[in-house]
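Subject: Handover of a model and notes on its structure

Dear colleague,

Please find the model below, followed by an account of what was found in it. I would be grateful if you would read the notes with the structure open.

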Amino acid sequence: MVVYTGARTRAQVVDFAKVLLDEKGSLYFTDANLATLADQANRMVWRLVIDSNPEHFLTSKSFTWASGVEAQTVTTLTDNSTVPYRILTLEDYESSGGVSNSNLPRKWAAMAFSDRSKRLQGNSHLVGSRSTPRYYVLQGAKLYTAPLPDRALNVTMYYIEHLPTMAGDSTEVLGGLATEFHDAVGYCLAWMMNAKQNNQNPAIDNMWEMAKLQIKEHGY
């Protein structure tokens, strides 16, 4: 399978899928149908890449977590004011400066919301210690931590934003990121088109399976 290493737009992905299926013009699929299927293929590949290596879509936000505060409204923290698709981790630092030998990050551990009260009560005499584990959980639009901080914390949240719907044919797939997997969106689109044509081209199934395998094995 030839790997395309540059960014592709929705129009280019559609053209690529049509070439794979020898689809001439708009004989079987309307332009509106192909745009809808391309958006879905884009989302499917995006999720596969995230499962393989979410760092392709990683973003971060630094903020202060005030002393004694249990929860933050996460939409006030993210750049686009939405709940993240996925939070990868949070870290806190002794000071707001960059990472150094004297300002190393402490990684927070994820917890279940049902364990929140237990985490709040435990180790209360060690809250100020950097060796004390700190936990977080996202529940709806609320981001909780435990135990309660006894002083303000310099925090960085690493997360993945939701994939926006493509605005038009000139929009790059996968949000313009992870360009080495843009070709996979074309293979996925061709696979969906082929399914609607009763799998008349079995080679398309093999191409899509190879694309998924490539994402799984070479996501890093």
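Helices (H or I, at least four residues) and strands (E, at least two) are DSSP runs, numbered from the N terminus. The model is a predicted one, in which local features need pLDDT of at least 70 and side-chain atom pairs count only at pLDDT 80 or more, while totals for chains, interfaces and linings use all residues. Residues are numbered from 1 along each chain as its sequence is written, and side-chain values use heavy atoms, with hydrogens and water left out.

Overall form

The chain has five helices and eight strands, in the order α-α-β-β-β-β-β-α-β-β-β-α-α along the sequence. Its radius of gyration (taken over C-alpha atoms) is 22 Å, well over the 17 Å that the globule rule (2.2 Å times the number of residues to the power 0.38) gives for 220 residues, so the chain is more spread out than a compact globule. Along the principal axes, the C-alpha atoms fill a box of roughly 70 × 35 × 30 Å.

Of the 220 residues, 40% are buried; buried means under 20% relative accessible area, exposed over 50%, and partly exposed in between (1.4 Å probe, protein chains only). The chain exposes about 11,300 Å², of which carbon and sulfur atoms supply 50%; accessible areas come from the Shrake-Rupley method with a 1.4 Å probe, and for residues only the protein chains shown count as cover. Contact means heavy atoms within 4.5 Å. Among contacts between residues at least 6 apart in sequence, 75% join residues at least 24 apart.

Nonpolar cores

A nonpolar core is a set of buried Ala, Val, Leu, Ile, Met, Phe, Trp, Tyr and Cys residues joined through side-chain atoms within 4.5 Å. The largest has 35 residues, and those with the most contacts inside it are Val-45, Phe-57, Leu-174, Leu-189 and Met-193. At least two residues of this core come from each of helix 1 (10–20), helix 2 (31–52), helix 4 (182–196) and helix 5 (202–218). Apart from it lies another core, of 13 residues, among them Val-74, Ile-87, Leu-143 and Met-157.

Beyond its neighbours within four places in sequence, Met-193 is in contact with Ala-17, Lys-18, Leu-21, Phe-29, Leu-34 and Leu-37.

How is helix 4 placed relative to the rest of the structure? Twelve of its 15 residues are buried, so helix 4 is largely enclosed by the rest of the structure. The buried residues include His-182, Tyr-187, Cys-188, Leu-189, Met-192 and Met-193, and their cover includes helix 1, helix 2 and helix 5. Just after helix 4, Asn-198 takes a positive phi of about 60°.

His-182, in helix 4, is buried at 0% relative accessibility. Leaving aside neighbours within four places in sequence, its contacts are Gly-6, Ala-7, Arg-8, Val-13, Val-173, Leu-174, Gly-176 and Leu-177.

Leu-174 lies in the loop between strand 8 and helix 4 and is buried, at 1% relative accessibility. Its phi is near 55°, a positive value in a residue other than glycine. Ala-178 is placed in the loop between strand 8 and helix 4 as well; its phi is near 50°, also positive, and at 8% relative accessibility Ala-178 counts as buried.

Thr-156 is in strand 8 (residues 153–160) and is buried, at 8% relative accessibility. Its side chain makes a polar contact with the side chain of Ser-62 at 2.9 Å. A polar contact is a pair of N or O atoms within 3.5 Å; within protein, one must be able to donate a hydrogen and the other to accept it, and residues adjacent in sequence count only if both atoms are side-chain atoms. Leaving aside neighbours within four places in sequence, Thr-156 is in contact with residues including Ser-60, Thr-89 and Tyr-93.

A cis peptide bond joins Ala-146 and Pro-147, with omega about -5°. Pro-147 lies in the loop between strand 7 (142–146) and strand 8.

Thr-75 sits in the loop between strand 2 (71–73) and strand 3 (86–93), where it is partly exposed, with a relative accessible area of 23%. Not counting residues up to four places away in sequence, Thr-75 touches Ser-81, Thr-82, Val-83 and Ala-141.

With kind regards
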